[in-house]
Amino acid sequence: MAEKNSFFDSQIVQDFNRDIEQYHLGPLWNAIPDLMKHTPEPHAQAYLWKYDLLHKKLMEATEIFTPDRGGERRAIYLQNPGLNYRKPWGWASTTQTLYAAVQLILPGEEAPSHRHVQNALRFIMEGEGAYSIVDGQRIFMEKGDFLTTPNGLWHGHGHTGDKPMIWMDCLDIPTVYYLGGTFFEPYPDKLEKPSLPDNFSAQHYEGGMVRPIGDRYAKKAPVGSYKWAKTEAALAGLSRFEPDAFDGYAVEFINPSNGETACPTIAAWMQKLPAGFHSKAHRHTHASIYHVHEGSGHTIINGVRFDWEKGDYFVVPNWAWHEHVAEQESYLFQTNDLPILERFGLERKQELDTNNGYQEVTGEFKPVIV
């Protein structure tokens, strides 16, 4: 890789660079040191959003925005402050590649069906009685459930219960926008009508780690909903053994018909951190978005302490040192862009080999609060 040197600042070089610029040409000799770094330098920043603030703003939004006022969804996305410069709308970027949002639907409301090329997934935060309808199947949602909606599938939402329902959305919107591949299509008759029994896929896979023979060949979304009770049971089984030094007890949601990630471009994990657990520090090329499902603790990211509690969200950018400390038994739902990095052959990992694997704390993040 070329390095910067003083000759690049000379008048003859600057004059030549300006000359070729008028022809829409660029000087590689100047550009390459900035474009091909020794290690990743993402623009996304480590950041944390408090749930008290998110919940307050969602409830305020219910007084202004409704599905019949032209808004497809009542959702507030998590805009990474390091990516505000992206136009338009900061590309709705929570990390370099992923979008995350909190969405609320009220009893009696319907969010019309649509489909798009972006992959989507959801994690249910609170409430009951709401459902997603995905390709003709109504999937009723409960706290702790994980749902996946790969690209191209019709999906909409309705609410037959009596309490507000709030969930997390994660999509690969920034990736698709950057690649110039966006397509979006509204459903012709607002909300799709059911053509399958309710919760069909969850019942279809009620046996757990067995696969119906009809799904022997890969399907895009054979399981639309992964129930919290089974996720919790899987983590309880792992808890009989020693935790992973970096991630505690963690499971990944997968597509049982092909063994790959449940959502093609977005990995989704649930992590259990026992009370008092302090992970070792490491870093990797993929970026992660965390939602605190239960518990409290803090995460140290590049030396800065981020304190979190139930409901909060935080981001660990690409190639950032990080370690977790659980003050209570904690469950962290994590989404990341590992599948994207792996497909490009870009995933790398590194363990911290100083101070017995722990970072020195050099600062403390101060979140925006209500």
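Predicted model: local features only at pLDDT ≥ 70, side-chain atom pairs only at ≥ 80, totals over all residues.
A salt bridge here is a side-chain nitrogen of Lys or Arg within 4 Å of a carboxyl oxygen of Asp or Glu.

Local features need pLDDT of at least 70, side-chain atom pairs count only at pLDDT 80 or more, totals for chains, interfaces and linings use all residues, and side-chain values use heavy atoms, with hydrogens and water left out.

So what does R283 touch? Show W319, A320, W321, H322, R348, K349 and Q350, the contacts found when residues up to four places away in sequence are not counted; contact means heavy atoms within 4.5 Å. With Q350, the R283 side chain makes a side-chain polar contact of 2.8 Å (a pair of N or O atoms within 3.5 Å; within protein, one must be able to donate a hydrogen and the other to accept it, and residues adjacent in sequence count only if both atoms are side-chain atoms). R283 sits in strand β15, residues 282-284; strands (E, at least two residues) and helices (H or I, at least four) are DSSP runs numbered from the N terminus.

Next, select helix α6, residues 228-238, and pick out its buried residues: W228, T231, L235 and G237. These pack against β12 (225-226), β13 (249-252), β14 (267-273), β16 (288-294) and β21 (330-336).

Now move to the open sheet, where 5 strands run in the order β7-β6-β9-β4-β11 with antiparallel pairing; two strands pair if DSSP finds at least two bridges between them. At the edges are β7 (137-142) and β11 (184-186), each pairing on one side only. Zoom in on β4 (residues 110-116), joined to β11 by 3 bridges, with H116 opposite F184.

Last stop: the salt bridges, 21 in the structure. Select K366 and E364, which meet at 3.7 Å, N to O; K366 is exposed at 62%, while E364 is partly exposed at 47%. Within it, the closest N and O atoms of K37 and E41 are 3.8 Å apart.

Terms used:
Residues numbered from 1 in each chain as written. Buried < 20%, exposed > 50% of the residue type's maximum accessible area, 1.4 Å probe, protein only.
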